[in-house]
Amino acid sequence: MIKRIVIPLLGIFLFLGCSIFKKPQELRVGILSWPGYEPLALADSLHYYDEEIKIIRFPSVIDVMGAMRNGTIDVASLTIDESMVYAQENPELRAFLVCDSSNGGDGIVAKKGITTAAQLKGKRIAAEESALSSYILQRYLTISGLKRSDITIVPITYDLQLEVCTLDQADAVITYNPVKEQLIAQGANLLFDSTKMPGEIVDVLVARESVLNEKKEQVVKLINGWYKSLDYIQKFPSDANKQMASFENISEEMFQASWKGMIVPNREEANRMLGHGAGSLNETSLLLVENMRTHGLIKKDTTFKHFFTSEFIKLK
């Protein structure tokens with residue numbers, strides 16, 4: 001009789017023990033050094049995230065893409081164009097949070113003595129081997145009248161761009177903040193920036209649809225932490241700026257200048273952008289998609305009807 005009671009009770013305790021001590025699912029988020037992603041790192045620093053959400057920093061977008069492909073991370077911080085390139089090989093990829101829209105934060109800067117497009121003929125332009133760099137280059141070539149054959153591309157990852165330009169191993173560079181602002185502070189000339197292509201460079205968080213559904217609770221926590229971080233930036237700008245500058249190992253003044261090179265939407269604006277109505281990214285990205293198709297960055301038959309989702313940003 002005693003044995004009959006003890007064994008079922010033991011089973012109950014074991015079941016409860018497994019439930020209580022079961023490790024929560026971890027959501028791994030990959031970011032790189034760009035002001036628009038630093039609110040995630042700030043949220044982590046302010047303990048808005050627990051052990052369920054892990055923010056992992058990478059030196060370049062190439063590394064973020066690689067980590068996404070091999071499963072090291074669940075969520076990637078990418079521009080829309082980079083995301084769309086990746087979505088061709090992974091159709092279930094979804095953009096579920098809008099971080100920012102570049103408004104001068106990306107661009108092309110040249111060394112002293114080069115101030116016009118004509119002076120770039122026969123010169124070396126350093127750039128990451130990424131969809132974003134290719135897209136910015138194509139837009140600049142179209143606007144300036146230069147041909148692709150007029151310049152030589154020097155492949156270089158973002159984390160080495162400052163060093164390459166400082167050592168005079170390139171005549172110009174396709175880059176983004178804070179490196180763009182750092183080079184200008186050193187005397188480089190700005191030839192072109194994202195103010196000339198408003199709304200075309202938008203940073204988002206992306207994940208596979210299966211991950212979003214399997215880790216919905218963690219995804220909602222990630223989004224809510226993001227907006228708590230934006231609130232903190234508004235209420236305590238000095239401390240927020242100091243912390244985010246330290247994440248990128250730059251001065252507070254340099255980070256502040258970099259932050260001004262983008263527009264950060266609030267929750268309501270981001271919800272609209274991820275939807276399907278007027279002014280949504282589904283609508284405004286049509287030019288981007290067409291340009292990418294024209295220049296062979298994405299296949300002509302690729303569609304992105306379900307790429308943007310506002311499902312998760314609505315949950316609190």
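Me: What does Val 29 touch, leaving out residues up to four places away in sequence?
Reply: This is a predicted model. In it, Val 29 touches Leu 40, Ile 53, Lys 54, Ile 55, Ile 56, Ile 73, Val 75 and Leu 222.

Me: And which residues have the most contacts inside the largest nonpolar core?
Reply: Val 29 is one of them, along with Leu 40, Phe 96, Leu 120, Leu 222 and Phe 307. That core has 103 residues. Its largest share, eight residues, comes from helix H9.

Me: OK, sheets. What is the strand order in the six-stranded one?
Reply: The order is E2-E1-E3-E10-E4-E11, in an open sheet with mixed pairing. Strand E2 (53-58) and strand E11 (262-263) are the edges, and each of these pairs on one side only.

Me: Which strands of that sheet does H9 touch?
Reply: H9 packs on the sheet and touches strand E1 (27-32), E2, strand E3 (75-79), E4 and E10. The direction of H9 makes about 10° with that of E4.

Me: How many bridges join E4 to E10, and in what sense do they run?
Reply: Seven bridges join strand E4 (residues 93-102) to strand E10 (residues 202-208), and the two run antiparallel. Val 98 has Val 204 of E10 as its bridge partner, and Leu 93 stands opposite Arg 208 in E10.

Me: What about E3 and E10?
Reply: They also pair, in the antiparallel sense, over five bridges. Val 75, which is among the residues touched by Val 29, stands opposite Ala 207 in E10.

Me: Is E10 mostly covered or mostly open?
Reply: E10 is mostly covered, with six of its seven residues buried.

Me: Back to helices. How do the axes of H9 and H10 meet?
Reply: The axes of helix H9 (residues 216-235) and helix H10 (residues 237-247) come within 5 Å and cross at roughly 120°. H9 and H10 are therefore oblique to each other.

Me: Which residues make that contact?
Reply: From H9, Tyr 232, Ile 233, Gln 234 and Lys 235; from H10, Pro 237, Asp 239, Ala 240, Gln 243 and Met 244. By type, the residues of the contact divide into five nonpolar, two polar and two charged.

Me: Now the five-stranded sheet. What is its order?
Reply: E7-E6-E8-E5-E9, again open and with mixed pairing. The edge strands are E7 (152-155) and E9 (189-193), each pairing on one side only. Neighbouring strands here are turned by 30° against each other on average, direction ignored.

Me: In what sense do E6 and E8 pair?
Reply: Strand E6 (residues 124-127) and strand E8 (residues 172-176) pair in the parallel sense, over two bridges. Ala 172 in E8 is the bridge partner of Ile 125.

Me: Which strands do H5 and H6 touch?
Reply: Helix H5 (residues 131-144) packs on the sheet, touching strand E5 (106-110), E6, E7, E8 and E9, and its direction makes about 95° with that of E9. Helix H6 (residues 158-166) packs on the sheet too, touching E6 and E8, with its direction at about 145° to that of E8.

Terms used
Residues numbered from 1 in each chain as written. Predicted model: local features only at pLDDT ≥ 70, side-chain atom pairs only at ≥ 80, totals over all residues. Heavy atoms only, no water. Pairing = 2+ DSSP bridges. Helix = DSSP H or I, 4+ residues; strand = E, 2+ residues; numbered from the N terminus. Axes fitted to C-alpha atoms, helices over the stretch in contact; angles between N-to-C directions. Contact = heavy atoms within 4.5 Å. Parallel < 35°, antiparallel > 145°, perpendicular 65-115°, else oblique. Nonpolar A, V, L, I, M, F, W, Y, C, P; charged D, E, K, R; others polar. Core = buried A, V, L, I, M, F, W, Y, C linked by side-chain atoms within 4.5 Å. Buried < 20%, exposed > 50% of the residue type's maximum accessible area, 1.4 Å probe, protein only.
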